[in-house]
Amino acid sequence: MRFLLARSLAHSFVALLFGALLLSPYVLGAEGESCPLFNGKDLTGWEGDMTLWKVADNAIVGDSPGIGHNQFLVTKHEFDDFELTVEFRLTEGVGNSGIQFRSKRVENSTEVSGYQADIGENYWGCLYDESRRNKVLVKPPAVFEKSLKKGDWNTYLIRAKGDHIVLKINGVTTVDYHEKDPQIARKGVIGLQVHSGGPLKVEFRNIEIRSLKD
């Protein structure tokens, strides 16, 4: 009886563990298999100033009344080589936002340091180095904006493998960059930005990632 009970408990534990792994936003499958980073219902797996971030209509919403410092909602897990797709919408195309990747929280600050796939006027499609080198690393070709839907939903694709980074918006390549500095981190959190300054509203949905590890 004791053996059967122990066996039953062991099977139950394995089943619960397996179920938890399936539900975890951070259990990546083999290359080619996508995994959601956002469950469409709440901010499980993410952290940040929850007075600025909420979930509405199956999207993560950054709703700023106007703030003095940049704020970020970031994953609790780090990623290295991956391909990320995110749909985003910046209300009326006003304000500035972005998607951080291979980034780190800055101690005693609201900032996050690392690469950013930029969003906003004069920065659409740029690769920016946030709170590190503090500059645009690559600007997109001007013709790409013909495919941009300011104020409406667009799709960002971010691909990072080794030193190679590619950004695309609506299928158009905006950045094809090779990092020359071996000291730059190749692993970190993924984050969503609400930029300092005046009021803005930015939304993100259908956030999916797939591993590019061999």
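Is histidine 195 buried, exposed or partly exposed? Histidine 195 counts as partly exposed, at 26% relative accessibility; buried means under 20% relative accessible area, exposed over 50% and partly exposed in between, with a 1.4 Å probe and protein chains only. This is a predicted model, where local features need pLDDT of at least 70 and side-chain atom pairs count only at pLDDT 80 or more, while totals for chains, interfaces and linings use all residues. Residues are numbered from 1 along each chain as its sequence is written, and side-chain values use heavy atoms, with hydrogens and water left out.

**View 1. The whole chain holds 1 helix and 15 strands.** Helices (H or I, at least four residues) and strands (E, at least two) are DSSP runs, numbered from the N terminus. Of the 214 residues in the protein chain, 44% are buried. The chain exposes about 11200 Å², with carbon and sulfur atoms supplying 53% of that; the areas come from the Shrake-Rupley method with a 1.4 Å probe, and for residues only the protein chains shown count as cover.

**View 2. Histidine 195 sits in the loop between strand E14 (189-194) and strand E15 (200-211).** Leaving out residues up to four places away in sequence, histidine 195 touches Ile67, Asn70, Asn96 and Leu200, where a contact means heavy atoms within 4.5 Å. The histidine 195 side chain makes a polar contact with the side chain of asparagine 70 (3.4 Å), and another with the side chain of serine 196 (3.4 Å). A polar contact here is a pair of N or O atoms within 3.5 Å; within protein, one must be able to donate a hydrogen and the other to accept it, and residues adjacent in sequence count only if both atoms are side-chain atoms. Glutamine 71 is 124 residues away along the chain, yet its C-alpha atom and that of histidine 195 are separated by 6.4 Å.

**View 3. An open sheet of 7 strands runs in the order E2-E5-E14-E7-E8-E9-E10, with antiparallel pairing.** Strand E2 (46-47) and strand E10 (135-138) are the edge strands, each pairing on one side only; two strands pair if DSSP finds at least two bridges between them. At the E2 end, 2 bridges join E2 to strand E5 (residues 71-75), and glutamate 47 stands opposite valine 74 in E5.

**View 4. Two hairpins share strand E12 (residues 164-169).** Strand E11 (residues 154-161) runs antiparallel to E12, and 6 bridges join them. Lysine 161 has histidine 164 in E12 as its bridge partner, and glycine 162 takes a positive phi near 60° in this hairpin, which has 2 residues between the strands. Another 6 bridges join E12 to the antiparallel strand E13 (residues 172-178), where isoleucine 169 is the bridge partner of valine 172. The turn of that hairpin also has 2 residues between the strands, and asparagine 170 has a positive phi of about 55°.

**View 5. Phenylalanine 101 belongs to the largest nonpolar core, which has 44 residues.** Such a core is a set of buried Ala, Val, Leu, Ile, Met, Phe, Trp, Tyr and Cys residues joined through side-chain atoms within 4.5 Å. Leu84, Ile99, Phe101, Leu127 and Phe204 have the most contacts inside it. Beyond its neighbours within four places in sequence, phenylalanine 101 contacts residues including Phe82, Tyr115, Leu127, Ile158 and Val189.
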